[in-house]
Amino acid sequence: MTADLSKGSRVSPLAAPLTAADIDEAAERISGVVTRSPLQFNERLSEATGANVYLKREDLQPVRSYKVRGAFNLMAQLSPEELAAGVVCSSAGNHAQGFAMACRSMRTHGRVYVPAKTPKQKRDRIRYHGREFIELIAVGSTYDLAAAAALDDVARTGATLVPPYDDVRTMAGQGTIAAELLEQLDEEPDLVIVPVGGGGCIAGITTYLAERASDTSVLGVEPAGAASMIAALAAGEPVTLEHVDQFVDGAAVARAGALPYAALAAAGDMVALTTVDEGAVCTTMLDLYQNDGIIAEPAGALSVTALLEADIEAGSTVVCLISGGNNDVSRYNEVVERSLVHLGLKHYFLVDFPQEPGALRRFLDEVLGPGDDITLFEYVKRNNRETGEALCGVELSAATDLEGLLARMQDSDIHVELLEPGSPTYRYLT
């Protein structure tokens, strides 16, 4: 799904509060703390697309994401009284690490609210960067519930909120990415591809490029299961999604920020939005690791996923933002699984074996092909391990092998049901 921002967007009265001058000032303000991340030419992706592809490596920041830019820029502008009252943030993990690093460098005490499902790796890194200056509180199943808890804290204690995206100071800090990449390239890029969660980063980058570049376009990328900014632009204002797929945790936001929305709505046709499937993101994560040695978290792989799916003009210069690398190694089993399903190499079936001896052997000998591998086999009824219904996972050597497998199943006297990804039964059984 792609959204063209030049069509039908009603501009909010909050539009365009941020300027390129604000971002230039932010760049000076954060220069002693934030790393100037490398801009690396990628030969593999350039050959695959016909474009000149560069990766902006924000995963190489000390906190492994760009989020430190916005958090530090905001906190550096707080008064002594505001700092003394303490600071609070909510985060899916990356903003909290930048916030924690800023708290320790400024010796300011802060509280961090994260969803209960935030990967352990991110929680451990928040504590590492904040040390004794941070209190970490896990609450709720989604980022939005954690954000509500942070707002309650601020109302109750008088602490200062440090938003992850919906604040001009945060957006300005994140927009410094654009200032850097313009300095790092010999000429302006034709396209910059940016992951989108709440929208602060793309709003900052778009604002800067609109003023400082002559003809650069921006493509924002949301996970298909959390396309809150596309929903906002379609509705003419931020709206709350009824359901959010939490897998791309760094971009799993149910409601886009009001200020980022306004900035993008005002940007016109220089920016467009698209979505990518979470399974495709997993395939990109594995490719980046195996081919380029880049450990990207799901949100960090959004831009390259979109690059490979977009219609890129040959010879153009494209910058993909690798937004973060905080990926818990324990999640890689799920990453591989989702990738295989997306590529059509992994399928699940409910197999109803006839109530007779030898049915399983016939299934193995007559139905499965020579390149088919059973990766999961479990009888659904625990008290019947010889006959009856079983859940069977099959990995194919090529996606095209599915047609033959289904034909052999049809010809067999064994009843087989293919479980479709996304169906309630599929989600429950896998």
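Q: Why is T207 called buried?
A: In this predicted model, T207 has a relative accessibility of 12%, and since the word buried applies to anything under 20%, T207 counts as buried. The residue lies in helix α9, which spans residues 200–212.

Q: What is T207 in contact with, leaving aside its neighbours within four places in sequence?
A: Contact requires heavy atoms within 4.5 Å, and on that basis T207 is in contact with L18, T19, A20, I23 and A263.

Q: How do you know that the buried residues of α16 line one face of the helix?
A: In α16, which covers residues 401–411, the buried residues are L402, L405 and M409. Seen down the axis of α16, these buried residues fall within an arc of 65°, so they line one face. In general, an α-helix has 3.6 residues a turn, so residues three or four places apart point the same way. The face of α16 turned away from the buried side carries E403, Q410 and D411, which are exposed, a word that stands for over 50% relative accessible area.

Q: What makes the protein as compact as a globular protein of its length?
A: The protein has 17 helices and 15 strands. Its radius of gyration is 24 Å, close to the 22 Å that the globule rule gives for 430 residues, and it is therefore as compact as a globular protein of that length. Buried residues make up 55% of the 430 residues, and among contacts with a separation of 6 or more, 76% are between residues 24 or more positions apart.

Conventions
Residues are numbered from 1 along each chain as its sequence is written. This is a predicted model: local features need pLDDT of at least 70, side-chain atom pairs count only at pLDDT 80 or more; totals for chains, interfaces and linings use all residues. Side-chain values use heavy atoms; hydrogens and water are left out. Buried means under 20% relative accessible area, exposed over 50%, partly exposed in between (1.4 Å probe, protein chains only). Helices (H or I, at least four residues) and strands (E, at least two) are DSSP runs, numbered from the N terminus. The arc is that of the directions from the helix axis to the C-beta atoms. The radius of gyration is taken over C-alpha atoms; the globule rule is 2.2 Å times the number of residues to the power 0.38.
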